[in-house]
Amino acid sequence: MAKQILKRVLGLVLILLVLSFMVFGIMYLAPGDPAEKRLTSQGVVVTKEILQAERERLGLLRPFIVRYADWLKNVLRGDFGISFKDDLPVAPKLIKGLKNTIWLALSSLFLALIISFPLGLLSAVKKGKLVDHIARLFSFIGNSLPNFLISVLLMYLFCIQIKVFPVIADGSVKGLMLPALSLAIPMAGRFTRQIRSELIDQLGEEYVVGMKLRRVKGRFILINNVLRNSLGHILTIIGLQIGTLMGGSVVIESIFRWPGIGKLVMDSITARDYPVIMGFVLIMGTIYVVINLIVDIIYRLLDPRSF
Amino acid sequence: MKKKFLAALLAATMTLSMAACGSGAQTQKAETETTTETQATETSENQTADESQSTATGEKILHTAASFAYPSLDVHKEYYGWYTSIYGVSEALFKLDETMSAVPCLAKDAVADGSTWTITLNDGVHFSNGNPLTADMVIKNLQRLATENSRFAYLGDFEMTATDDKTIVIDTKEVYPTLKNDLASPECGMIDLDATTDFDNSPVCTGPFVVTEFVPEGDVTVAKNENYWGGDVKLDGAVFYYMQEDDPKLLAMQSGEIDCYNSVSSAALEVYNQSPDLYDVVSIPGARLQFYILNENTLDDAVREAINLTVDKDKIAEYLSGTVSAAVGPFSPSAAYGKVTVPAVDTAKAKEILEADGYTLGADGIYEKDGQKLSISIAYYAARSLDTLAILIQEQLKAIGIDSTLRVEEDPDATYIANADFDLALYCMIADKSGDPLYFIDSTLADGSYYNVGGFKSAECQSMIEELRTETDTAKRADLANKIVQIAIDDNAFGYVGLFNNTTVLRKGVSGFAEYVPFDFYGVDAETDING
């Protein structure tokens, strides 16, 4: 196990190195000038001389490889650089955004699980019955509705009609509820479908048929065998979803004024704020690899045969 | 039995979720209390308190939404001064009024004599801490602005002296007729440089409001400056919520959480216009211009003229549902330098011109000449409704027999503006940043200017631009500007399509939120009020 983890960590370093070089290269080749974006952000144009001086100040006139090497050297020293947009350090921005995104991601994931797990279970056990149709309808609707529509509908319902939440959300628990629910609904739709499908597969396995023939109680089979055997698959789905959620949700964060990393990165892309984008890429690369590693470890603990 | 089990399972998960949700939430609250977001939390939580307090004590607190938020309140840096001006915290020596004229504010007068400007400060101007604004402090501010903001670095070349406490003499070395207008820019706001210890979070300025709470890139709360030099301030305070999206702003207006905001979307406008008993909507042409450049190097005179006779700005403005006003020239028609004329839309004449130039209408309804279809490339970028504009122009041109291909770029400056590889290029910029026409004319019409990429060249025009650079008489400047722009219009070098409207929605009883000023950088002031 330790050997496996060490191997993954070494792989992570290589992945991050390749990833950072590729992203740095893509940004270098892509059209767009951080200096121009910064100076003309309000629609006021500036002279060529002012623009050139700003490019010089931001170090944009240096060769690509020198810029990348400098950036890498600083990152290895723990310095993610200064934002091209406002000259503020990148690391605190990313930490602040990530912290908010983690809260939103975990809350929405939790909500999605408590909706989808019972629904998927019921739907699988009651396959073809009314409850199955309802669960599938929810799954279909949840999957089909775009995030922004769910957000606005929820806002209208809870803020204007029922008036239990304010439109102007803040960093409090109350402010977290609607954005978390907006993210959770489509996620729950997907989870319900996947859990249902996995459980139906398991329920049709020969071991279940055999146990039923041996008159083992259905509840016992469901809890001790079917659910247990399905956990690995479900865990993989959750792991992948966490990775996606950590990238932030620009739409939800913008609508609910949630200062997460998704909005930060989208604003940074618009402003061609390369140091922030590079920091984000490194963090997200690490998160993806680490989450996959954790999922693998748990998966193997649940099913020692996979060692 | 199975049913009972499933019901119990469902109930258990729900109970667990509630419990866990609560604890997670508490954890989060505890966490955020140590961060900046706490301030946001407190601000919003305070809002409820503010509202109840306003009811209890009769305090007038205005709640509004701001589409942008910045990490600092340093008036001189970047465009942060635009926002300190909107918040009513900072003021410049002059301000721009409804007619786009620079009128007195902290200074009462600015008189030019050749390259020497004499600026006299208003009587009794002082900062919120009571310290008077002196001529020395003005000079220090302008010098700081020159070092902190590259757009104002030229101020560093001027020689400034204080002849007494209220008089500043600025030697611009060469005749510089727009200094008064430049000094009306919000970046020229005055800070008490001696008393301010934290420029990013609490600058000491002269405005009718003082910052009480500032969340970097978040909400801002201001309170009445009890010591305001300009007299009584009607509001007790204001809260600016950072809200980028249109729908939440509309819902916040409907729920009563905000009292007014500007940059109203066309969809929201429809809603507000249906409730005139609840809301006032004020819409005036602003300073942000949508225009196109016609490439004289690739399009002959007849085609350019036909295009300009075909593009129907009124229909485009109508399609954009009140967010844009059809433009005549680049400047607001209410400005003295916005008096130009354009021929009326006349598609029959456009066709005649093309036919007189040798074009014949093909079987597919597209003109052709020498076996070549008349097809132009339209370059645009997807912002400021330019994507919609491109499609509408394409449709209008096709209706008279001019085919076109659309080409979208993410960064116009680095692509089609830099390379001039277009027939018609759409662009949007602020045409009037400080109540004077030189900036736009210099950027788009002068020889070799960055946005004069379509081959427009006129010796007469250039000569008048040189004259405009040194002319100090406002009326003569307006006259020159009108003549210069008219030459460009007559040459069919450009098409000025629309001026973005400054559209403000106010709850009934709210007034004075700069709703009649065409510039983006004004908001609350001493006259902003809530009645009823």
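Chain B has 15 helices and 22 strands. The model is a predicted one. Of the 532 residues in chain B, 56% are buried.

Now look at how the chain contacts itself. Take the contacts in chain B between residues at least 6 apart in sequence. Of these, 69% join residues at least 24 apart.

Next come the domains. Chain B is divided into three pieces of this kind, named domain 1, domain 2 and domain 3. Domain 1 is written as three stretches: 3-67, 208-278 and 508-530. Domain 2 covers 80-188. Domain 3 covers 285-501. Follow the numbering along chain B, and you pass from the 3-67 stretch of domain 1 to domain 2, then to the 208-278 stretch of domain 1, then to domain 3, and finally to the 508-530 stretch of domain 1.

How do domain 2 and domain 3 of chain B meet? Their centres, taken over C-alpha atoms, are 35 Å apart. Twelve residues from domain 2 of chain B take part in the contact, along with 18 residues from domain 3 of chain B.

What does this interface hold? Domain 2 and domain 3 of chain B bury about 1000 Å² between them. Carbon and sulfur atoms account for 65% of that area. The number of salt bridges between the two domains is zero. Polar contacts do occur: two residue pairs make them across the interface, both at pLDDT 80 or more. Consider the side of domain 2 of chain B that touches domain 3 of chain B. Its residues divide into six nonpolar, four polar and two charged.

Methods
Residues are numbered from 1 along each chain as its sequence is written. Chains are lettered from A and ligands numbered from 1 in the order in which they are written. This is a predicted model: local features need pLDDT of at least 70, side-chain atom pairs count only at pLDDT 80 or more; totals for chains, interfaces and linings use all residues. Side-chain values use heavy atoms; hydrogens and water are left out. Domain bounds come from an automatic or database domain assignment. Contact means heavy atoms within 4.5 Å. Buried area is the accessible area (1.4 Å probe) that two parts lose on being put together, summed over both. A salt bridge is a side-chain nitrogen of Lys or Arg within 4 Å of a carboxyl oxygen of Asp or Glu. A polar contact is a pair of N or O atoms within 3.5 Å; within protein, one must be able to donate a hydrogen and the other to accept it, and residues adjacent in sequence count only if both atoms are side-chain atoms. Ala, Val, Leu, Ile, Met, Phe, Trp, Tyr, Cys and Pro count as nonpolar, Asp, Glu, Lys and Arg as charged, and the others, Gly among them, as polar. Helices (H or I, at least four residues) and strands (E, at least two) are DSSP runs, numbered from the N terminus. Buried means under 20% relative accessible area, exposed over 50%, partly exposed in between (1.4 Å probe, protein chains only).
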